[in-house]
Amino acid sequence: MLLAVPLAARAQQAGKVLPWDPAPRKVILELHQALAQAIARFQALDEAGVLSHVSDRYRTDTLTKAGIREQVRVMFSLYDTLRAKVSIDEARTAGEQAWVYSTGEVSGRLRWLGAWTSILSWQHEPEVAQREQGVWRLYGYQQ
């Protein structure tokens with residue numbers, strides 16, 4: 001659910017320090033709460049609930065909210081049970097935006113076969129979240 005962008009990785013590899021401050025404890029708690037709610041909606045196979053955590057203005061490269069909607073629909077059609085384990089490694093803020101680095105894994109049980117499979121895993125990957133109408137939503141890398 002959290003997407004990585006090569007641009008951020010290249011900046012880190014080049015030794016550039018991102019100009020954002022470490023997120024205050026209150027923001028980290030809010031991000032944890034938003035993540036827990038999004039995971040609960042994902043595991044409940046609730047498309048609208050999952051997408052409520054994604055900004056209508058989401059964009060990372062060519063991926064938009066519509067693309068995320070399609071990915072979620074495909075997963076929900078292929079798997080009758082989904083599990084997501086995600087931990088926030090680090091969060092940095094600048095105004096109403098937060099760069100959130102996470103580690104996680106998504107797995108699912110295939111419909112009709114009953115076999116569990118790993119779908120996606122990542123380590124310390126970045127995603128941008130933005131506060132909109134008082135809640136944190138995935139915003140993407142708007143470049």
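**Strands β6 and β7.** I began with the pairing of β6, residues 116–132, with β7, and found it antiparallel, with four bridges. This is a predicted model, so I read everything below as computed from that prediction. Within this pair I looked up Q130 and found R137 of β7 opposite.

**The whole sheet.** Next I traced the strand order, which reads β1-β4-β5-β6-β7. These five strands make an open sheet with antiparallel pairing. I then asked myself which strands sit at the edges. They are β1 (21–22) and β7 (135–138), each with pairing on one side only.

**Helices on the sheet.** I turned to α2, residues 25–43, and saw that this helix lies across β4 (79–94), β5 (97–110), β6 and β7. Its direction relative to β4 came out at about 165°. Helix α4, residues 65–78, also packs on the sheet, where I noted contacts with β4, β5 and β6. For α4 the angle with β4 is about 145°.

**Nonpolar cores.** How many residues does the largest nonpolar core have? I got 29, and the residues with the most contacts inside this core are L31, F42, I68, F76 and W136.

Leaving out residues up to four places away in sequence, L31 touches I88, A91, A98, V100, A129 and W136.

Last, I noted another core, apart from the largest one, with six residues. Among them are Y101, V128, Y139 and Y141.

Note on methods
Residues are numbered from 1 along each chain as its sequence is written. This is a predicted model: local features need pLDDT of at least 70, side-chain atom pairs count only at pLDDT 80 or more; totals for chains, interfaces and linings use all residues. Side-chain values use heavy atoms; hydrogens and water are left out. Two strands pair if DSSP finds at least two bridges between them. Helices (H or I, at least four residues) and strands (E, at least two) are DSSP runs, numbered from the N terminus. Contact means heavy atoms within 4.5 Å. Axes are lines fitted to C-alpha atoms, for helices over the stretch in contact, and angles run from 0 to 180 degrees between N-to-C directions. A nonpolar core is a set of buried Ala, Val, Leu, Ile, Met, Phe, Trp, Tyr and Cys residues joined through side-chain atoms within 4.5 Å. Buried means under 20% relative accessible area, exposed over 50%, partly exposed in between (1.4 Å probe, protein chains only).
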